[in-house]
Amino acid sequence: MHVFVTGGTGTIGTTVVTELLGNGHTVLALARSDGPAQAVEGAGAEVLRGGLADLDVLRSGAAQSDGVISLAFGRDYSSPDALAQSVAEESAALAALGQELIGSDRPIVTVSGTPWVPGRTSTEADPLPIDGPVGGRGRSVNALLGLASRGVRSTAVRMPRTVHNEGKGGFAGLLTDQARRAGVSGYPGDGTQRWPAVHALDAAVLFRLALESAPAGTSWHAVSDEGDAVRDIATVIGRRLGLPVEAVPQESFGPFGPIFAMDQPASSAHTRNVLGWQPTHPGLLEDLESIQP
Ligand SMILES: NC(=O)c1ccc[n+]([C@@H]2O[C@H](COP(=O)([O-])OP(=O)(O)OC[C@H]3O[C@@H](n4cnc5c(N)ncnc54)[C@H](OP(=O)(O)O)[C@@H]3O)[C@@H](O)[C@H]2O)c1
């Protein structure tokens with residue numbers, strides 16, 4: 001397939017582009033400036049210049065392709081306003097991409113997060129949260145999945161809290177950044193809350209499998225580690241950076257604080273059984289050993 005990819009220069013997108021190119025697909029990658037354009041071109045993709053807010057460019061990318069993988073999301077998590085702006089931008093982009101594909105039976109794979117369910121491990125059958133700081137993402141993904149009845153093979157690959165590669169990425173990456181700034185490897189709550197995780201190279205395989213074969217309107221869990229205790233994550237970060245490991249107020253983590261404090265294990269049993277996905281790369285705690293002081 002000729003696949004239009006947004007976010008092809010991110011932690012996940014970089015591996016998705018390589019996975020697609022290594023498995024017989026060609027890639028048209030959105031790039032908003034010279035650096036990202038050179039990066040995706042160097043990987044072997046064709047470049048479509050534009051940003052997530054350029055809806056005509058997005059429609060044109062979808063129209064030129066046999067399928068779409070939508071990964072782009074603003075990188076500024078520093079304030080509730082910045083996060084809300086990114087959610088709104090992604091929502092408009094998904095709506096434009098979905099509209100372009102109506103009646104075509106072509107696939108669009110979007111990214112989402114694994115849901116959390118109090119007292120148990122979440123599964124692919126659980127609904128996405130549609131309230132809270134990222135609730136708008138759940139609503140726009142649900143709208144895209146709803147296009148399954150209008151001739152779009154829309155699917156969602158739900159990410160765990162940390163998608164990592166060489167010790168970087170996701171919530172664990174935010175803990176690492178905060179530790180470097182604060183001089184303390186902090187964790188919110190009592191640290192026994194668990195976050196699921198996956199290696200980006202394993203997640204990339206699942207995006208390809210969903211693009212190639214997942215039925216319209218379905219959701220999948222890219223979960224390798226069902227749940228790593230946050231104190232264990234902070235302990236590896238503290239040891240690698242030579243910093244003390246301590247409980248800190250959840251407010252230290254900005255708009256993500258309440259989410260950071262929650263126990264949110266997730267399963268991928270259904271995804272593994274149905275799509276035959278099998279993660280093979282290191283788990284989070286092992287991968288965090290790559291952090292350099
Ligand atoms: N990593 C995780 O642990 C994790 C967990 C759950 C969900 N997710 C979701 O998975 C997706 C990919 O995550 P990631 O970790 O790979 O993200 P990332 O490393 O932060 O990369 C973000 C990507 O989006 C692009 N982008 C951002 N704003 C853009 C804009 N206005 N116009 C065009 N491109 C734009 C970036 O392009 P530039 O190179 O130009 O900046 C980059 O390619 C995101 O939707 C993220 O929220 C990630």
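Glu166 is exposed, with 57% relative accessible area, where exposed means over 50%, buried under 20% and partly exposed in between, computed with a 1.4 Å probe and protein chains only. The model is predicted, and local features need pLDDT of at least 70, side-chain atom pairs count only at pLDDT 80 or more, and totals for chains, interfaces and linings use all residues. Residues are numbered from 1 along each chain as its sequence is written, and side-chain values use heavy atoms, with hydrogens and water left out.

Glu166 is not a glycine, yet its phi is positive, at about 55 degrees. The residue sits in the loop between β7 and α6 (170-182); helices (H or I, at least four residues) and strands (E, at least two) are DSSP runs, numbered from the N terminus. A positive phi, near 60 degrees, is also found at Asp105, a residue other than glycine. Asp105 belongs to the loop that lies between α4 (80-101) and β5 (107-113). Asp105 counts as exposed because its relative accessibility is 59%.

A further loop residue, Gln193, is placed between β8 (185-187) and β9 (194-199). With a relative accessible area of 4%, Gln193 is buried. The Gln193 side chain has polar contacts, a term for pairs of N or O atoms within 3.5 Å; within protein, one atom must be able to donate a hydrogen and the other to accept it, and residues adjacent in sequence count only if both atoms are side-chain atoms. In another, a polar atom of the Gln193 side chain lies 3.1 Å from the backbone oxygen of Phe260.

Strand β1 (residues 2-6) is mostly covered, and five of its five residues are buried. Burial applies to both faces of β1, with His2, Phe4 and Thr6 on one side and Val3 and Val5 on the other. β1 pairs in the parallel sense with strand β2 (residues 26-31) over four bridges, pairing being assigned if DSSP finds at least two bridges between two strands. Within this pair, Leu28 in β2 is the bridge partner of Phe4. β1 also runs parallel to strand β4 (residues 67-70), to which four bridges join it. Here Thr6 stands opposite Ser70 in β4.

Together with helix α1 (residues 11-21), β1 and β2 make a right-handed β-α-β unit. Right-handed here means that, with the strands pointing away from the viewer, the path from the first strand over the helix to the second runs clockwise.

The ligand is surrounded by 25 residues, of which the closest are Thr9, Ile12, Arg32, Arg137 and Val163; a residue is counted if one of its heavy atoms lies within 4 Å of the molecule. An N or O atom in the Arg137 side chain is 2.7 Å from an oxygen atom of the ligand. Two or more residues of the shell around the ligand come from each of α1 and β7 (162-164). The most is given by α1, with three residues.
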